[in-house]
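Please read it alongside the sequence and the coordinates shown here.

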Amino acid sequence: MKQKTMTTKDITIVGVMAALVFAATYFLKINMPLTMGYVHLGDSMIFLAVYLFGWKKGALAGAIGGAMSDLIGGYVIWIVPTFAIKFIMAMVAGLLFDLIKSKGKYLYIATYIFAGLIQVALYSLAHLVFFGVAPAISGIPGLLGQTYSGLIIALCLIVAFEKAHVVAKIKQM
């Protein structure tokens, strides 16, 4: 069986979307000293990437963009967990959407909500391992706010892109 390789176009898409994830994560963040982290709007770009380009490109873009933000922002301890967690969140959202999209176009919202819960659980587990129970529990509201504000922003962008026929043009590329 022939293995499909990434084309130059695929690499470019991942790079551009990773840059958008990075920018929305690094520049649009609120530091959370209690949890040794921050909340940001990068998840909106990850959800958008998954919707527009599928789970593989969305997962790579989310993992790379999020990890780069941690690296450049000085959150070195979070680079590997962020890479893995953002990849898993995007993969779950995209794979579930692929499984159920024949049942209704807007079921991606449910898949994103579920994938967001997985992200919250995984980051809470990482907080538990790194810092203990109190920071893990105290970080949950911020994680929920970050994840679901990202989802709301992504949904607004998706609706706007659908109405402007941008999504159809992108999918034809």
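Asp43 and Lys86 are both buried, and the two residues form a salt bridge whose closest N and O atoms are 2.5 Å apart. The model is a predicted one, and the values below are to be read accordingly.

**Salt bridges**

- The count comes to 2 salt bridges, and in general side chains of opposite charge can pair when their charged atoms come close.
- Besides the pair of Asp43 and Lys86, Asp10 forms a salt bridge with Lys57, where the closest N and O atoms are 3.3 Å apart.
- That pair, too, links distant parts of the chain, with Asp10 in helix α1 (residues 8–26) and Lys57 in helix α3, 47 residues apart.
- Asp10 has a relative accessibility of 8% and therefore counts as buried, the cut-off being under 20%.

**Helix α2 and the residue that follows**

- Helix α2 covers residues 42–53, and its 12 residues should span 16 Å at 1.5 Å a residue, which agrees with the 16 Å between its end C-alpha atoms.
- Because 12 of the 12 residues of α2 are buried, the helix is largely enclosed by the rest of the structure.
- Just after α2, Gly54 takes a positive phi of about 95°.
- Gly54 and Asp98 are 44 residues apart in sequence, while their C-alpha atoms are 8.6 Å apart in space.

**Helix α4**

- Helix α4 has 22 residues and reaches 32 Å from its first C-alpha to its last, close to the 32 Å expected at 1.5 Å a residue.
- The buried residues of α4 include Lys86, Pro81, Thr82, Ile85, Met89 and Phe97, and the buried residues of this helix pack against β2 (37–40), α2, α3, α5 and α7 (140–163).
- Asp98 is found in α4, which runs over residues 79–100, and Asp98 is partly exposed, with a relative accessible area of 41%.

- The structure holds 13 aromatic pairs; in one of them, the rings of Phe47 and Tyr112 have their centres 4.7 Å apart and their planes at 25°, so the pair is stacked.
- Phe47 lies in helix α2 and Tyr112 in helix α5, so this pair ties together parts that are 65 residues apart in sequence.
- Phe47 counts as buried at 1% relative accessibility, and Tyr112 likewise counts as buried at 1%.
- Another pair is formed by Trp78 and Phe130, whose ring centres are 5.0 Å apart and whose planes stand at 80°, so the pair is edge-to-face.
- Trp78 lies in the loop between α3 and α4 and Phe130 in helix α5, so the contact ties together parts that are 52 residues apart in sequence.
- Trp78 is buried, with a relative accessible area of 5%, whereas Phe130 counts as partly exposed at 32% relative accessibility.

**Nonpolar surface patch**

- Ile77, Leu125, Leu128, Val129, Phe130, Val133 and Ile137 form a nonpolar patch on the surface, with about 650 Å² of accessible area together.
- The elements that give two or more residues to this patch are α5 (108–131) and α6 (133–138), and the largest share, 4 residues, comes from α5.
- Ile77 belongs to the patch but lies in the loop between α3 (55–73) and α4, and Ile77 is partly exposed, with a relative accessible area of 45%.
- Phe130 takes part both in the nonpolar patch and in the edge-to-face pair with Trp78.

Methods. Residues numbered from 1 in each chain as written. Predicted model: local features only at pLDDT ≥ 70, side-chain atom pairs only at ≥ 80, totals over all residues. Heavy atoms only, no water. Expected span 1.5 Å × (residues − 1). Buried < 20%, exposed > 50% of the residue type's maximum accessible area, 1.4 Å probe, protein only. Patch = residues over 30% accessible without salt bridge, like charges linked within 9 Å, V, L, I, M, F, W, Y side chains within 5 Å. Areas by Shrake-Rupley, 256 points an atom, 1.4 Å probe, with all protein chains shown as cover. Salt bridge = Lys/Arg side-chain N within 4 Å of Asp/Glu carboxyl O. Contact = heavy atoms within 4.5 Å. Phe/Tyr/Trp six-rings, centres within 6.5 Å; stacked < 30°, edge-to-face > 60°.
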